[in-house]
Amino acid sequence: MKLPEITYPLKIDTIGKLLALGGEMSVHCRTTGCDHGSRLNLVALGRRIGFDHSSKAQDLAPYFYCPKCRAAGRDDKRIGFILRPLTSDHCEWPRERELWRQEIKRSRAK
Ligand SMILES: [Zn+2]
């Protein structure tokens with residue numbers, strides 16, 4: 001995976017730049033009463049649609065739908081995206097590093 005060069009003035013407008021700058025994204029259903037939501041795996045998404053693909057909500061929306069609403073026969077395209085710095089505990093990548101980190105956490109808790 002090749003991350004893009006960061007240029008200034010800073011404009012975080014592609015999946016690659018988002019990753020390079022330590023951002024993460026989640027997708028949420030905006031249908032009232034359905035609070036389905038999920039973190040996006042930006043690495044997997046970038047591999048599929050390209051790291052230079054726009055990270056704007058309207059450009060990503062065609063790739064997503066709400067599976068809960070689809071199953072219930074409701075409009076499944078009422079989705080929104082949330083962008084934030086990568087801070088979640090469960091965001092370590094690759095998986096081996098996450099397992100190693102949890103191992104350390106466990107040993108400290110003893
Ligand atoms: Zn939904």
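Where is the place of K2? K2 sits in the segment before α1. The legends below describe close-up views of a predicted model.

**Figure 1. The whole protein chain and its elements.** The protein chain holds five helices and three strands. Read from the N terminus, the elements follow the order α-β-β-α-α-α-β-α. Along its principal axes, the C-alpha trace covers about 45 × 40 × 25 Å. The radius of gyration of the protein chain is 16 Å, whereas a compact globule of 110 residues would have one near 13 Å. Of these 110 residues, 15% count as buried. Taking contacts between residues at least 6 apart in sequence, 59% join residues at least 24 apart.

Figure 2. K2 belongs to the segment before α1. K2 counts as exposed because it has 8 C-beta neighbours inside 10 Å, and a residue is exposed if the number is 12 or fewer. The C-alpha atoms of K2 and F51 are separated by 8.1 Å, although these residues are 49 residues apart along the chain. P9 also lies in the segment before α1. The peptide bond from Y8 to P9 is cis, and its omega is near 0°. For comparison, most peptide bonds are trans.

**Figure 3. The open sheet of three strands.** The order of the strands in this sheet is β2-β1-β3, and the pairing is antiparallel. The edge strands are β2, residues 37–39, and β3, residues 79–85, each of which pairs on one side only. Direction ignored, neighbouring strands of the sheet are turned by 20° against each other on average. Strand β1 covers residues 23–29 and is joined to β2 by three bridges. Seven bridges join β1 to β3. In both cases the two strands run antiparallel.

Figure 4. Which residue in β2 stands opposite S26? The residue opposite S26 is R39. As a general point for viewing a sheet, side chains in a regular strand alternate between the two faces.

**Figure 5. P85 in strand β3.** P85 is part of strand β3. Is P85 buried or exposed? With 9 C-beta neighbours inside 10 Å, P85 counts as exposed. Leaving aside neighbours within four places in sequence, P85 is in contact with G22 and G23. P85 and M25 are 60 residues apart in sequence, yet the distance from C-alpha to C-alpha is 8.5 Å.

**Figure 6. The largest nonpolar core.** How many residues make up the largest nonpolar core? There are 12 residues in all: I15, L18, L19, M25, V27, C29, L40, L45, F51, C66, C69 and I79. Helix α1, residues 15–20, and strand β1 each supply at least two residues of this core. One of the core residues is L18. Not counting residues up to four places away in sequence, L18 touches I12, G23, M25, L42 and S55. Among these contacts of L18 is M25, which is itself a member of the core.

**Figure 7. H53 in the loop between α2 and α3.** H53 is found in the loop between α2, residues 42–49, and α3, residues 57–60. Why does H53 count as partly exposed? H53 has 17 other C-beta atoms within 10 Å; a residue needs 20 or more to be buried, and 12 or fewer to be exposed, so a number in between is partly exposed. Not counting residues up to four places away in sequence, H53 touches T14 and I15. H53 and D13 are 40 residues apart in sequence and 8.3 Å apart in space, C-alpha to C-alpha.

**Figure 8. Helix α5.** Helix α5 runs through residues 95–109 and has 15 residues. From its first C-alpha to its last, α5 reaches 21 Å, close to the 21 Å expected at 1.5 Å a residue. How many of the 15 residues of α5 are buried? The number is zero, so α5 lies largely in the open.

Terms used: Residues numbered from 1 in each chain as written. Predicted model: local features only at pLDDT ≥ 70, side-chain atom pairs only at ≥ 80, totals over all residues. Helix = DSSP H or I, 4+ residues; strand = E, 2+ residues; numbered from the N terminus. Expected span 1.5 Å × (residues − 1). Pairing = 2+ DSSP bridges. Axes fitted to C-alpha atoms, helices over the stretch in contact; angles between N-to-C directions. Core = buried A, V, L, I, M, F, W, Y, C linked by C-beta atoms within 7 Å. Contact = placed C-beta atoms within 7 Å. Rg over C-alpha atoms; globule rule 2.2 N^0.38 Å.
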